[in-house]
Amino acid sequence: MSPDGKASQSGSAAVEAQRVTKIFGGGDDQVVALDDVSVQIGENEFFTLLGPSGCGKTTLLRLIAGFEHPTDGRILLGGEDISPLPPFQRPVNTVFQNYALFPHMTVGGNIGFGLEMLNKSKQEVDDAVTEMLRLVRMEELRNRRTSQLSGGQQQRVALARALAPKPRVLLLDEPLSALDLKLRKEMQIELKRLQNETGITFVFVTHDQEEALTMSDRIAVMKEGAILQIGAPRDIYDHPSDRFVAHFIGETNFLEAELLERKNGAAKVKFPSGAVLPASLPDAPISPGKVSVVVRPEHSRIATTKKDAVLSGTLENVVYFGTDTHFHFRLNDGAQFIVRMQNARDSGDDFTPGQELGIAVEADAVQVLRD
Amino acid sequence: MADAVTQVDTPVRGASSPSPKGRGFDVKRLPGFATVAWMCLLVLYAPMLVLVLFSVNDNRSVTIWTKFSWRWYEEVINNEGIQHATVLSLKVAVVAMVVATAVATMAALATTRTRAYRGLPVVYGIINQPLMVPEIVTAVATLSFFALIKQATGVTGLGYLILAHTVFCIPFAYMPIRARLEDMDLTLEQASADLYATPWRTFRRVTFPLLLPGIFAGAMLAFVISLDDVVISLLVAGPGESTLPIYIIGQLRRGVTPEMNAVSTIFLAVSILLVTFFFVLARARK
Ligand SMILES: Nc1ncnc2c1ncn2[C@@H]1O[C@H](COP(=O)(O)OP(=O)(O)OP(=O)(O)O)[C@@H](O)[C@H]1O
Ligand SMILES: [Mg+2]
């Protein structure tokens, strides 16, 4: 795991999962939803669980909320083991994927529910509801029935309801997936703003990599019940440690290369063409020899001089995207490679399919994957 | 009842929507469909119309019309036998309804708000037993069982009839309540727990209010079923414990009188009113 994998050196994270395993069912049809997962989420952090369907994201949230209990391992909140506590005793609130607003209560009733259950005075509840309505900009809808709200409005009420009791941690399970694209973008910004204004730790679940990259302080990429990598968006994007992570996030090129013996720190890989480039290593131990590496399309360009060309291949296709252009290559060893270049005013489109061209790769753009 | 209606309603609407202009198969276009439909309606409702009509007929015969009159209703109201039977029927039905609905609500919660376990289908079967066993069998069994208890304890009274009614009303109350619970989104209860509500408060503030239409429907079914029952009441009721249907049957043995028409009409009106009332109530809550 990258150095960022640990939230804070100084002990108490907002939430921490320690070697958590969750197995559903028994006998032949048992499902291992989480397999020895450990993660520390810091105070005030916007932390995202990202992964494909069925990888255990919801299960991890439900364990934190208390709707499920770990088969093995512990869940800590502010350093304290909360495993024995039922949901209604955990200072954690959830924004459910389908919102789960109470249909027999008004907007105000929904938002005030948590504080009411905490036995706050009527005055306190009313004030908090007013404040929350202002925060999500819905003051005028206080007495509406929740069935009379649009999707985006329901979303806001669900958020306000979960934020009103000022939880230590807010859990959000794909809260934006039911919204259309435009509303979704708006709510992404809204969520970031709310997190900044309230200073509450957000644990956010999504399977949308773009959403994860734009919103998160850190991301945990999950697959089949395990966390593959934890890091800042940039870190995960630029230095994926794993084939799955590299593939899941953004577009990328996979290449075979040879990892050379390390001489005083800097790792180097040698490509079949003979070119040698510096490379970043994953944080798993890796031995010299044949390795897989990735190079992001935008970290490469068509070589202008022979010396620059690390790879070479035949240009097969040119796809124009407005701001940039994608060049699809078939490398000499048969692999595919995509080069993405920004379109400048004077950049001529003097490359045509069929041409043999060299490809240059930026320094520091080569990332070695663990096996 | 309202839930049962909606449930039947939905698939029909869904099925007809792919062929909005009557393309494809449509039962309504089969030859003779309209005739059969009208015949059914006629057989179903004509007797009731006749019943109602002759209840406001001045003549003592129930086949010869003379002129409009409320006299049979007056006689019904002043008939002590009918008064007694009505009060008894209501007493039994109200107690049976309240107890059966309470038991059915708990049974429904216990069978839907738990993790599925092995014996669950058996539990469903046991709860719904009165729906499957022929009523006469239940009646005979109850009769002899109660006779046994009466002999052993010497206790007699209306309690036996009420108990018998309560028991066979439970599955009728249970069905709509369970249907409602199964329709209800489980995450609502989780959201409530997530927002610091203890299980009891979750039940009071979330589950129960959302369940109310189902409970009303169940109570109404139980009430009507109890009012309506003949077979079990006939066998279990002790001397002087004739419920209204049993009293009517007893009177009819001596021939049909307009008085019986009047009682039946009142019975019908009350049933329709009840059903409408609960239906509207259930609608309004949605
Ligand atoms: N209550 C349960 N009983 C049995 N298996 C379950 C249960 N809940 C989840 N699972 C299984 O655990 C695995 C992880 O499920 P989970 O809901 O956590 O996935 P997810 O990452 O949230 O997926 P999605 O993106 O589709 O929501 C899945 O294989 C799922 O089938
Ligand atoms: Mg999920």
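Phe24(A) stands opposite Val31(A), a residue of β2(A). The structure is a predicted model, in which local features need pLDDT of at least 70, side-chain atom pairs count only at pLDDT 80 or more, and totals for chains, interfaces and linings use all residues. Residues are numbered from 1 along each chain as its sequence is written, chains are lettered from A in the order in which they are written, and side-chain values use heavy atoms, with hydrogens and water left out.

**Exercise 1.** Describe how strand β1 of chain A pairs with β2(A) and with β4(A).

*Solution.* Begin with the terms: strands are DSSP runs of E with at least two residues, numbered from the N terminus, and two strands pair if DSSP finds at least two bridges between them. Strand β1(A), residues 15–24, then pairs with β2(A), residues 31–41, in the antiparallel sense over seven bridges. The two strands form a hairpin with six residues between them, and Gly25(A) in the turn has a positive phi of about 70°. Next, five bridges join β1(A) to β4(A), residues 72–77, again running antiparallel; here Thr21(A) has Asp72(A) as its bridge partner.

**Exercise 2.** Find the strand order of the open five-stranded sheet in chain A, and identify its edges.

*Solution.* The order is β13-β12-β11-β14-β20, with antiparallel pairing. The edge strands, each of which pairs on one side only, are β13 (276–279) and β20 (367–368). At the β20(A) end, β14(A), residues 289–295, is joined to β20(A) by two bridges, and Val293(A) is the bridge partner of Val368(A).

**Exercise 3.** Characterise the interface between domain 1 and domain 2 of chain B.

*Solution.* Take the bounds, which come from an automatic or database domain assignment: domain 1 covers 28–69 and domain 2 covers 80–285. Their C-alpha centres lie 31 Å apart. Counting contacts (heavy atoms within 4.5 Å), eight residues of domain 1 meet eight residues of domain 2. The buried area, meaning the accessible area (1.4 Å probe) that the two parts lose on being put together, summed over both, is about 700 Å², with carbon and sulfur atoms giving 71%. On the domain 1 side, Leu51(B), Ser55(B) and Val62(B) lose the most area, together 59% of what that side buries. Finally, the count of salt bridges (a side-chain nitrogen of Lys or Arg within 4 Å of a carboxyl oxygen of Asp or Glu) between these domains is zero.

Terms used. Helices (H or I, at least four residues) and strands (E, at least two) are DSSP runs, numbered from the N terminus.
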